[in-house]
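Open the model in your viewer and have the selection tool ready.

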Amino acid sequence: MKLKYALYEQNKNKLMTVLIFFQTVIVLVMIVSIISAIVSRYEKYRPLENFFQGDGLNMHITTLLGRTGQRYLPFTESSDVEKYLKKAHMVSSYSIQMTFDIDNKKEEFGSWSPVIGYDDELISAYTPEIETGRWLRTEDADTDMIEIVLAQKEESHKVGDIITLTTSDVVKESRDCKLSKPIQAKVVGILADGASPIMRPIHYGEYSDFRDYYYPFHRDEEERAIVFVSKRDIEHNNQIHAAAEQKNLIKGETCIWPYIISGPCFIQYDTGITQKEKDHNSKYLAVNGRYVFRHTSAEMRENSMEYIMNQMNMLIPILIAMIILTLLSIISSTVIMIRQNMHNYSIYYMLGMTWRKCVSVHGLSVVIMQMGIFLFTILCIAICEKTGALDRTVFSLGGWQLLGCFVMIVFFIVFSIVLSFLLIGKRSAKDILREIE
Amino acid sequence: MVKLDNIIKTYNKGKSNAFEALHGVSLTVGSGEMVAIVGTSGAGKSTLLHILACIDGYDSGEYCIDGMVIGKVSEKKMAAIRNEKIGMVMQDFALVEEFTALDNVMIPLDFASRGKKKRKKERKEIALKMLEMVQMQDFADKPVNNLSGGQKQRVAIARAIANEPSLILADEPTGALDTETTREIMKVFIDLNQQGRTIIIVTHDLAVAEQCSRVIRIEDGRIIE
């Protein structure tokens, strides 16, 4: 019954409804954009949060050499490095010394494309935005090929394509060796334009916080494709002969380098590590490693949180100002709407409604309008997101954004109902009806 | 069935501009009566009617309708009394202008208390029957803002009788109508009275008052005859 009268109220106050509608839509869009801005920053910090916990070192390594027999050769396993460090756990990324067969999509991959490998912990810590397919897995592949995710400049490949990997020309030239046979790789995912995979950005060290670990991938700015693989996948796949040969390399004889520790690298110290042990580790890395970025976990944590808080401090006042403006507008619109409806409320009162029920009719009308606005806004944003209109923006629709909008809508509903409580029934029905006469 | 005993009503009580509109009004209206309350402007006749309609309160005295003392009941019960026992017709019709005639007549039926509320189909049938009683069945689906004054008043009367109240109150029901329409509307009231309904009409039109079985004159907040 109330619904009929609430809907009528909407229809009666079209102009005010439209006014409130657009104002609230703007506020919700603002809320989504501001929350998106904060969340996007925090969401980039969160995957690395664990690596920044406690004591440790965070680096971008170029190479890390270890003594193998009579020779110093680059380390290929983080577990091998751990043996030389004290009370340390290392999670690393790798430079895979392979590239695409140049016969395969010459126009795009004619030049050397970096192949980035990750330890399982890095794969599971963060999934960059995928356009199609999926991110790398931490389980063994169910195919006899290694799985790769492509960040491609052109739309040359799609999920399911089989690509041949061969020894990098760089390696061939420098080491005069090659893989014993080409390796088949299956594309399982295509990275989205605007995604930020964990790898060394061009301007690393610019921020000294978590942002220094993300590479902003933009198709039209790239010169070549980037390939992402699981280091474990390469290591465990029987078809990858390089892995076996690499083991030989570590033993000191053969000369293929399928992969080396290179790029983002996180060393976490066990609790109870002494200063002396830390000094030992630092010294070992300084002597044997070539790195371009090195900060302690405490520095990374503090710098990251400072950055996020600064962003919040900057954005939240804008949001508060917007909410206050809308609230003022809602107050005036509600007052006008209620005044316009008072004649009808007085008729309803005369015919057997209590003032409280009149408030509930108004409340239902507000709920219908605000929920309509909420759904409309969310739908519009979702459509924009789906159609790619929001690509390259931080604008996104996640749980926090939905919660923020919902809380705001509930706040507007409660505020409007409280206002109607204060206004409806304050004057007698007969005065209002006589006023019309 | 309607009994007022020594009703006093003061506006702006406790303020410097306090004004006593009714000075101890006592009145009894029996079931099936058609009573006119007449008086000059500001005499207190509308105040009296609004108290009878339970849309205005009083300061002292006692008002009983069908033996129930008004003023000692909750707001919810008061709303139920307005809905079930009283039908109100106003000078300006007090219709929801954008609603159709049928929707307007259905309002009191929609507001019936939980146990007494009828199904929608039944409510619609009753509303159509009421419109038929006032010869407005052909205008049921027309928005009332497209109707003439006389037609609007007929719709207002149909709405007032929709819940079959024991008391119909009319505040200057012909005040906004021409002579011919006034005659038609009064005929509707007389027909309803002949069907056994109790009607109290506030009017300053003596021609209207003369058609009632009893005329009560009020002056300066007192009933004088």
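Select chain B. Among its contacts between residues at least 6 apart in sequence, 71% join residues at least 24 apart; two residues are in contact if their C-beta atoms, placed from the backbone, lie within 7 Å. This is a predicted model, in which local features need pLDDT of at least 70 and side-chain atom pairs count only at pLDDT 80 or more, while totals for chains, interfaces and linings use all residues. Residues are numbered from 1 along each chain as its sequence is written, and chains are lettered from A and ligands numbered from 1 in the order in which they are written.

Switch to a cartoon view of chain B. It has seven helices and ten strands; these are DSSP runs numbered from the N terminus, helices being H or I with at least four residues and strands E with at least two. The C-alpha trace of chain B spans about 50 × 40 × 35 Å along its principal axes.

The contact takes 21 residues from chain B and 16 residues from chain A. On chain B, select helix 2 (75-84) and helix 3 (101-110): each supplies at least two residues of the side that touches chain A. Helix 2 of chain B gives the largest share of that side, six residues.
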